[in-house]
Amino acid sequence: MAKQEQLKRQTMQYEHQLRREADQAQLLTKEKAKIERMHSTKELRHEDIRVRESERRLTKQDLWTKNLEIVGSGIKSYVSDIGNLATLAGGLTLAFFGFQFARTSGRFVSKIVESRFGRPSLVRETSRKSSFKDWAFAPFGFFYSQVLVKGRIKNTSAMKQKDVLEGIIIEENLEKSLRQISHSIINRKKHYAPFRNLLLHGPPGTGKTLFAKSLAMHSGMDYAILTGGDISPLGREAVNELHKLFDWSITSSRGVLLFIDEADAFLRKRASDEYISEDLRNAINAFLYRTGTASHNFMVVMASNTPEQLDRAIHDRLDEMIHFDRPGEKQRL
């Protein structure tokens, strides 16, 4: 029985192997037949593709030819009429001038908006209202500073001259000089006089910036603070930024006090041995051009620790040079 069982298993294994070999042979025969059919029909399929592609190109070419013929005939018939040519020329001319007018007017409007409501990049701090928030909170600031703090609504000329040095502790001789200058600037509108340009020089921390802010506030002007160190790194853009600054200043109805801190970093001598780049020279020339005549729109107040480094042409633009010395013993106490 064991031998019979063993023979039976061997027979089944042999039959299974024969079936597997037969299936493999049948599958191989089918694949070979498939490959042969593909090789035999390859040329036919390629030829069919070529024919269809050729027909598609011919159809598209005929379509474009017909369209161009229709367009050409329409243009020919349109151009043959003199009236149509005149209308076309007039329309193109009007379109051209309309485009130029729109571009020019857009630039003009954007320049006006930027000069009146914008803020030049050189200005670090300003009291001029340039946003809706500034206009909205202006009455509250006026009420607080005038009514609550000073107890009055309208400042007289004498009050303005008295308050211009309020909170600024300086020597008596310097105080007299500053009050005289403040008097002339505060009352300049009565005499239709232009603004005067000032140079405040002396050690740092002696009240130059504080006096400039107070002078602008009590003379009814806006102030704008910039530093000379911000102009030199601008390179070629320095000239454009300076022109934007002065264009912005002349649009103010109140007048603007341009306070240039560290002016010697920007307006130093051009004839010195120190190398000055061509861009910085052009910026200095632009500044001299915009400050060549007395202005009724802005005044320039420069601050410097070393006024001897300023260019000679800058001194021609100045009306007063005021030295801010260190406070004495009485002022320190």
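**Note on salt bridges and a helix contact**

1. Arg56 has a relative accessible area of 43%, so this residue is partly exposed. The model under review is a predicted one. The partner to look at alongside Arg56 is Glu53: these two side chains form a salt bridge, with 2.4 Å between the closest N and O atoms. Glu53 is also partly exposed, at a relative accessible area of 31%.

2. As background, side chains of opposite charge can pair when their charged atoms come close. The cut-off applied here is a side-chain nitrogen of Lys or Arg within 4 Å of a carboxyl oxygen of Asp or Glu. By this rule, the model contains 11 salt bridges. The pair in point 1 is one of them, and two others follow.

3. Glu125 and Lys213 form a salt bridge through their side chains, with an N to O distance of 2.9 Å. Glu125 is in strand 1 (residues 125-126) and Lys213 is in helix 6 (residues 208-218), so the pair ties together parts that lie 88 residues apart in the sequence. Glu125 is partly exposed, with 32% relative accessibility. Lys213 is partly exposed as well, its relative accessible area being 25%.

4. Lys330 and Glu172 also meet in a salt bridge, at 3.3 Å from N to O. Which elements does this pair tie together? Lys330 lies in helix 10 (residues 329-332) and Glu172 in helix 5 (residues 172-186), so the linked parts are 158 residues apart in sequence. Lys330 counts as exposed, at 62% relative accessibility, whereas Glu172, at 47%, counts as partly exposed.

5. The crossing of helix 5 past helix 6 is right-handed. On the helix 5 side, the contact is made by Leu178, Ser182, Ile185 and Ile186. On the helix 6 side, Phe211, Leu215 and His218 take part.

6. How many of the residues in the contact of helix 5 with helix 6 are nonpolar, polar or charged? The division is 5 nonpolar, 2 polar and no charged. Ser182 of helix 5 and His218 of helix 6 are among the contact residues, and by the classes used here both count as polar.

Methods:
Residues are numbered from 1 along each chain as its sequence is written. This is a predicted model: local features need pLDDT of at least 70, side-chain atom pairs count only at pLDDT 80 or more; totals for chains, interfaces and linings use all residues. Side-chain values use heavy atoms; hydrogens and water are left out. Buried means under 20% relative accessible area, exposed over 50%, partly exposed in between (1.4 Å probe, protein chains only). Helices (H or I, at least four residues) and strands (E, at least two) are DSSP runs, numbered from the N terminus. A crossing is left-handed if the near helix is turned anticlockwise from the far one by less than a right angle, and right-handed if clockwise. Contact means heavy atoms within 4.5 Å.
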